[in-house]
Amino acid sequence: MEQLRAFAAVIGAGTFEAAAARLHVTPSAVSQRIKALEIQVGTVVVRRSQPAAPTSAGLVLLRLARQVDLLAAEAEAELSGHGVGGQGRRAAVTVVVNADSLATWFPAVFAELARDDGLELEVLREDETVSAELLRDGRVMAAVTTDGRPVRGSTTQVLGTVRYAAMAAPGFARRWFADDPVQGLAVAPMVNFDRSDQLQSSLIREVTGRRANPPTHHVPDSTQFVTAVAAGLGWGMIPEVQDPADGTLELLDPAWTRGVRLYWQRWKLDSPALARVSDAVLGAARTSGILAATDRGDGDRQTG
């Protein structure tokens, strides 16, 4: 178990020295445990880079290692009797959330977990279409994702649907969309969040019936994405909740809207810390008023 905990600490902290500080041992002890693990499995599991990263073989072990580390932290806290304000090791829970959720409904989770002195939360920001892959690899324990198919060993619950609409600055809309909106969609500059963002491209393909290659800007921040579109940099799919409703943006076509259904996937693990995070996320989704409640209620789905 100590070898797996050392492995999880190295990957989580990024260096052997930081992992040693987290485990309250020497860097040499961490190195010895990693070497012993690699001898046991017969291959290298840690890439000695900056930061340290799992090899392909290491990815196979990472999920198990992080589960062991989480359960060990919770067991230590319970055995030590440390309550609120105690000095016991906190249970570290890593989740991945898409940027639009972070900018809208997800911050309510922070307020709920602020009262939890036994938890250490790490939030990664990634596109919702790729977050399930991080869950599958074991790099995170839970994810806000658009993939409703449960990752093996995980449960899935519907959070709701975020509505997006194709919008642009009024002057930009007149320039590119006044005469032939469909043709405008194929040639007008567009704004993508990042290179994983497919919302704009999928709308173009559906409306025009072909793949187009218009000029594309990338603005990887939800708030600044809206600012860029309002400034006339290009058109973009704007979450309805982020429409400033002050005349700086206008709909390009009432039919050019999309609903993106979000799911919460988490490890199927008997962990009180992970359960507390899940309860906070599901509660924030229910009470936000942002996610369409009519799309919830599919219940839990899980794999073995």
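Predicted model: local features only at pLDDT ≥ 70, side-chain atom pairs only at ≥ 80, totals over all residues.
The structure holds 5 aromatic pairs.

**View 1. F172 and F177 form a tilted aromatic pair.** The ring centres of F172 and F177 are separated by 6.4 Å, and the angle between their planes is 45°. F172 is buried, as is F177. Widen the view and you will find a cluster, in which ring pairs link F172 and F177 with W176 and W256.

**View 2. A cis peptide bond runs from Q50 to P51.** If you check the backbone torsions, omega for this bond is near 0°. P51 sits in the loop between β1 (46–47) and β2 (53–54). For context, most peptide bonds are trans.

**View 3. H24 has a positive phi.** The value is about 60°, although H24 is not a glycine. This residue belongs to the loop between α2 (16–23) and α3 (27–41). With a relative accessibility of 71%, H24 counts as exposed because the cut-off for that label is over 50%.

**View 4. A245 also has a positive phi, near 55°.** Like any residue other than glycine with such a value, it is worth a glance, since most residues other than glycine have a negative phi. A245 is found in the loop between β9 (236–239) and β10 (250–251). Its relative accessible area is 66%, so A245 is exposed.

Technical notes: Residues numbered from 1 in each chain as written. Heavy atoms only, no water. Phe/Tyr/Trp six-rings, centres within 6.5 Å; stacked < 30°, edge-to-face > 60°. Buried < 20%, exposed > 50% of the residue type's maximum accessible area, 1.4 Å probe, protein only. Helix = DSSP H or I, 4+ residues; strand = E, 2+ residues; numbered from the N terminus.
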